[in-house]
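Look at the sequence and the model together. The text below goes through the structure part by part.

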Amino acid sequence: MNLNMKYLILYVNDLEASLHFYRDLLGLSIKMQVDTYVEFETGATTLAVNTRKSVNELLDLGLTTDVPSASTFEIGFVTEDVPGTLDQLRQQGVRVVREPETKPWGQTVAYVTDPDGHFVEICTAIG
């Protein structure tokens, strides 16, 4: 079996809030949009969002609009300037959940959340 990760799709409650966060605040370009499904340019793996309502109507996955109190994954974005990026996001009202910290392996990491509570890591490259 030869699998390649191509997409990460987040199910969101408020499409406009997600567009504002990923497009306007993080500066990601929209690659494609069809109704409530939006893909962003992020490199080799595409980050996409779709509304929970639309996914339920199209796929009947049984999603609820409840946002879990704890996420089970994170999205990571690499930058050379973690503190500067975090300051820019904070000034725009993004919720910071962890301030920049240099880990024992040399990587600087910080965490924010998107409008649906998904953890977003802002970090330097490893190695």
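**Salt bridges and their surroundings**

Arg-90 and Asp-87 form a salt bridge, with 4.0 Å between the closest N and O atoms. The model that shows this pair is a predicted one. Both residues belong to helix 3 (residues 82-91), and because they are three residues apart there, about one helical turn separates them. An α-helix has 3.6 residues a turn, so residues three or four places apart point the same way. Arg-90 counts as partly exposed because its relative accessibility is 34%, and Asp-87 counts as partly exposed at 37%.

How many salt bridges does the structure hold? There are five. One of them joins the side chains of Lys-53 and Glu-57, at 3.5 Å from N to O. These two residues lie in helix 2, four residues apart, or about one turn of the helix. Lys-53 and Glu-57 are both exposed. Another salt bridge brings together the side chains of Glu-101 and Lys-103, at 3.6 Å from N to O. Glu-101 is partly exposed, with a relative accessibility of 43%, and Lys-103 is partly exposed as well, with a relative accessible area of 23%.

Arg-52 is buried yet has no salt bridge. The nearest side chain of opposite charge belongs to Asp-116, 4.6 Å away, whereas a salt bridge needs the nitrogen and oxygen to be within 4 Å. What the side chain of Arg-52 does have is a polar contact of 3.4 Å with the side chain of Asn-13.

Next comes confidence. The protein chain averages a pLDDT of 90, and 94% of the residues score at least 70. Helix 2 (residues 52-59) is where confidence is lowest, at a mean of 82, while helix 1 (residues 15-25) has the highest, at 97.

Helix 1 can be followed from its start. There, a side-chain oxygen of Asp-14 reaches to within 3.1 Å of the backbone nitrogen of Glu-16. Along the helix, Leu-15, Ser-18, Leu-19, Phe-21, Tyr-22 and Leu-25 are buried. After helix 1 comes Gly-27, which has a positive phi near 80 degrees. Leu-26 lies in the loop between helix 1 and strand 2. Leaving out residues up to four places away in sequence, Leu-26 touches Phe-21, Phe-77 and Leu-89.

Leu-10, in strand 1 (residues 7-12), is buried, with a relative accessible area of 1%. Which residues is Leu-10 in contact with, leaving aside its neighbours within four places in sequence? They are Tyr-22, Leu-47, Ala-48, Val-49, Asn-50, Phe-73, Ile-75, Asp-114 and His-118. Tyr-22 is also among the buried residues of helix 1. Leu-47 is 37 residues from Leu-10 along the chain, and the C-alpha atoms of the two are separated by 7.8 Å.

The remaining part concerns strands. Strand 2 and strand 3 pair in the antiparallel sense over four bridges, and Val-34 stands opposite Tyr-37 in strand 3. The two strands form a hairpin with two residues between them. Asp-35 is in that turn, in the loop between strand 2 (30-34) and strand 3 (37-40). Its phi is positive, near 55 degrees, in a residue other than glycine. Is Asp-35 buried or exposed? Asp-35 counts as exposed because its relative accessibility is 68%.

Strand 8 (residues 119-123) pairs with two strands. With strand 5 (residues 74-78) the pairing is parallel, over five bridges, and Glu-74 stands opposite Phe-119 in strand 8. With strand 7 (residues 108-113) the pairing is antiparallel, over five bridges, and here Tyr-111 stands opposite Glu-121 in strand 8. Strand 7 and strand 8 also form a hairpin, with five residues between them. Gly-117, in the turn of this hairpin, has a positive phi of about 90 degrees. Why is strand 8 described as largely enclosed by the rest of the structure? Four of its five residues are buried, so the rest of the structure largely encloses it.

Notes: Residues are numbered from 1 along each chain as its sequence is written. Side-chain values use heavy atoms; hydrogens and water are left out. pLDDT is the predictor's confidence in each residue, from 0 to 100. Buried means under 20% relative accessible area, exposed over 50%, partly exposed in between (1.4 Å probe, protein chains only). Two strands pair if DSSP finds at least two bridges between them. Lys and Arg count as positive and Asp and Glu as negative; His and the chain ends are not counted. A polar contact is a pair of N or O atoms within 3.5 Å; within protein, one must be able to donate a hydrogen and the other to accept it, and residues adjacent in sequence count only if both atoms are side-chain atoms. Contact means heavy atoms within 4.5 Å.
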